[in-house]
Amino acid sequence: MTTASGVILPPVAPAPGVMRTSASLLLALSLCLSSCLVCGESPGIFGAPLADDHLGYGPVFEEQPLDTIYPEESPEYKIVMTCRARASPPATYRWRLNNWEIEMEEGDHYSLVGGNLVISDPDKSKHTGNYSCLATNEYGTVVSQEASVQFGYLDMFSTEEREGVYVKEGQGVVLLCAPPPHYPDDLSFRWMLNEFPVFISLDKRRFVSQTTGNLYISKVEASDSGNYSCFVTSPSIAKSVFSKFIPLVPLAERPIRKYPADIKVKFPDTYALVGQNITLECFALGNPIPEIRWRKVDGALPAHHEILMAGSVLQLVNVQYEDEGVYECEALNSKGKDWHKARLHVEASPQWLEHISSGEQDMGSEYTMACLATGKPKPHVRFLKNGQPHGKHEVHFPALTFGDSGMYQCIAENRHAVIHASAELRVFVSAPVFELNPVKQRVLGAKNRRVVIECKPRAAPNPRFSWSKGTELLANSSRIFIWEDGSLEIRNVTKSDEGKYTCFAENDRGKANSTGSLTVTEATKITLAPSNADVSVGENATIQCAASHDSILDLTFIWTLNGHAIDFDREGEYYQRVMDSQAGTSSCELLIRNTQLKHAGRYTCTAQTPVDNVTASADLVVRGPPGPPGGVRVEEVKERSVRLLWSQGSDNLSPISKYTIQYRETRTQEGWKVAITSPPNVEGNAEMATVLKLTPWTEYEFRVIATNTLGTGEPSDPSPRITTLETIPTVAPSNVGGGGGANRELIITWVPVYPQYYYGSNFGYIVAFKPHDSDEWHKVTVANPVASRYVHKDPTIPPATKFDVKVKPFNSKGEGPFSQPSVIFSALDVPSEAPVIADARTLSASEVIVWWLPITQQTVEGYQVKYWRKLKENEASAQHISTRENQTRLENMEPNSLYVIEVRAFNGAGYGPNSKRHEIYTKKAPPSRAPKIISTKMNSSGTSVNIAWEHVESLANESSVDCYKVLYRQEGHNTGILYTTGKQSIDLPLQKGDYLVEVRAHSEGGDGAVTQVRVSGGGVLGAQSLSLCVLLLAAVLSLAL
């Protein structure tokens, strides 16, 4: 029996008394199934038992040994190699090491537990090698797949101190890991910084190769200073070690130099197996940090690729044969670029295309067992019989004997893997037996047709056959024929052929017979045949069919298109059939809705009964828009044009009237655009056109679309990508200007040319400039195509001098046109005069206003005013003032403090000399206490309210009260009427609505804390102080004083 997971279980013994015919039926059923069952949990192992309920079956592996890596430092002092086979009777087991049978001796390292091999106290010198398991019972022997035992280890790093690495900031560095001796090679690497477990994070600037373990830093920074240790892990033996620390000392360099990209991590030529995931590494040193780009030289990168680790790793997932080819990584920065190429080879482990299966064969018959495997390199195939070599490629038996029975295995192997397929062969001999397959009891035959009565007893060797009708022995004639396999054929059947027929079978082991009857029915005939039809795409079509038949038989109609049966469930969107049946006559109408091109072809109606069938056919023609043109290719590639050729696709029975050519730039991946062609209108009989007005040095792909009177068809597949030829650039940079900058500099700026206008490789700019009154142009080359400025430094350049500048592009083909000349000025000199502070006045505890005398130099752009508390220059604040002003207000100053103020002029070249310092005291802080409201009274007429408060006493560190400010405003508004009074009360007019009254003390240090009172036309609603926090702060300050 077979479980839900596909594992074949041994047969269950029958209960006593079950008839031999049932047992034979089960045997036949198992033989029928055995040819398509696959057994065995291990990859690449195929096999199935012969499930005979009383004969048993040979071994079939359920578990096989697996490759094992035993850690040399393992606390478990044994290795277990698994092996288990299903067999009836149960199998016995033996093991081989390197094809030598292992002797199980008392007290030896080896022992058997079931079928498992246990190796106690493993010894590397004795027990390393390839192991295989042999399972045997009376039906034969099978050999398992080989499994290796290897001893894994990872030694400690050397205890020698590692030398420090000194490198200038901006340069790249490589710290070598040099992992210690180990097995296997599947190590993973990380790097620690200063202590465990602080591991450095990897980014665009830092990379750890999982091939060598080295740490790469593309551009060293001051923050990289520290001690580094290589941390190595072997997942196979679950062990990690780390190296002695390597000091990395960045050396300061100002300015930091820039270096071109230099690839240091280069992936080698790589071999991958189909289905594997492959990682390619590429990393470069350089400043600025290089950008890594990947491409496949001979095509696009596979769809199933990932770019990881900030571009340094290309991972190909589920590699396929088409992924083979040359891969390139390019590293580039503003100083230069570098690239590396290597080939990926894709191979495959063996896979079965055809393999042997268990079965029974007749004694003396010819039989061939064959296996066919695919893989790269091509696998070698060999056979085993009961564990011993037995030929290659196939095993042929001209005439089977009992000695050919046994367990057979075919083995396919290449350098990547070995796969097994197992099968049991039994040679069978028997007298003819009809129990499992008697002659059919009732056979129906149609009048005037042919009928075949089968006779297929179980027998070996093949029997001789004869037939009788009733008591009449039949012989071959023009109407009657006895086939070699025993079947009886009667042609042009008539009613007189009805009766009982008996088949006789005999061989040298015995004989037997079986009888059945023949009944003759009326023949089925087509009475209405389908008719040809012609429709356009989208229209409906109807095909009719009718037939007469014997009334005792059921009739069905089967419709096929070009020999393939129509599935009305899956294709119900288009197909519908309507059937009508009466006694002896039936009809069927096939309706095709919204006809498509795929529905064209030959429709066949088959009228079928259990006895016979007849067919009739008709053709449906569907006309529609053209199919896609084929074979689109490009020739005569020039700077701005190409010649395009194609092959005409199907016109779908309506002549093609014109072609449309489209193009797409692969760099931008924008949508398809209609091309300008010569001739402008491409006729339907054309297979060539010239595409015009293309951009030089641009990669394109093209496609062609055909049109006829019924519409426009699908586009062709894109052509192979091509790049138009290079030519001299014609577009000059725009917005050329500049000026300003540091002293003795001339800054020239422009808007770079867009890449589509490079028109060639090695694109850059030629910058030309000259003094306005000179005739001689000075030219420099800027090789960076994305550059937008050039700074010319010359100590002889006079400040604020008028220059003419212009810029033109160049590439490998030559120089393009200059831009229109522009006028700019060289950098100014810094101001040479120092301003004079005329006056400064304290406004409050936190504000001061300062005036100065402007300097006379015309190049001044403004003034910088710096101020700080004396002896605390590190707290200095600064304000920048335009040239139109010669005063400013300084704010956010500390109360009761001595401040220092200085002023200096500036322009684009920098700052001039400072003025003489001016010192000034800020006033004491305003009162921190809020006025306390002591009364609120309305007058007798209710038209005003009197609000009174206590006098505010200033603290020792606060300025004394000069007066009080009262703000009377409507609630919800920010503005109101401001009153000033020297008294401790005020009369305010009452108005409709709710109003707020805010009272605060005022001093030379500014306004103090505020108290609010809410009033309305009905009286005073409440008062609140806003100064609790201020009072607490003032109290603390008083205590401190």
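This talk goes through the disulfides of the structure above and then one of its sheets.

Keep in mind that this is a predicted model. A disulfide is a covalent bond between the sulfur atoms of two cysteines. Searching the whole structure turns up six disulfides. Counting bonded cysteines along the chain, the pattern is 1-2, 3-4, 5-6, 7-8, 9-10, 11-12.

I will take three of these links. In the link of Cys83 and Cys133, the sulfur atoms are 2.0 Å apart. The angle about the S-S bond is -75 degrees, and the link is left-handed. Cys83 sits in the loop between strands S4 and S5, and Cys133 in strand S10, so the pair ties together parts 50 residues apart in sequence. Both Cys83 and Cys133 are buried.

Next, Cys371 and Cys410, with sulfur atoms 1.9 Å apart. Their S-S torsion is about -70 degrees, so this disulfide is left-handed. Cys371 lies in the loop between strands S31 and S32, while Cys410 is in strand S36, 39 residues apart. Cys371 is buried at 8% relative accessible area, and Cys410 is buried at 0%.

Then Cys455 is joined to Cys503, S to S 1.9 Å. The torsion is about -75 degrees, so this one is left-handed. Both cysteines, Cys455 and Cys503, are buried.

Four strands form an open, antiparallel sheet in the order S22-S24-S27-S26. S22 and S26 stand at the edges with a single partner each, so one side of each has no neighbour in the sheet. Between S24 and S27 there are four bridges.

How values were computed. Residues numbered from 1 in each chain as written. Predicted model: local features only at pLDDT ≥ 70, side-chain atom pairs only at ≥ 80, totals over all residues. Heavy atoms only, no water. Pairing = 2+ DSSP bridges. Helix = DSSP H or I, 4+ residues; strand = E, 2+ residues; numbered from the N terminus. Disulfide = S-S within 2.5 Å. Buried < 20%, exposed > 50% of the residue type's maximum accessible area, 1.4 Å probe, protein only.
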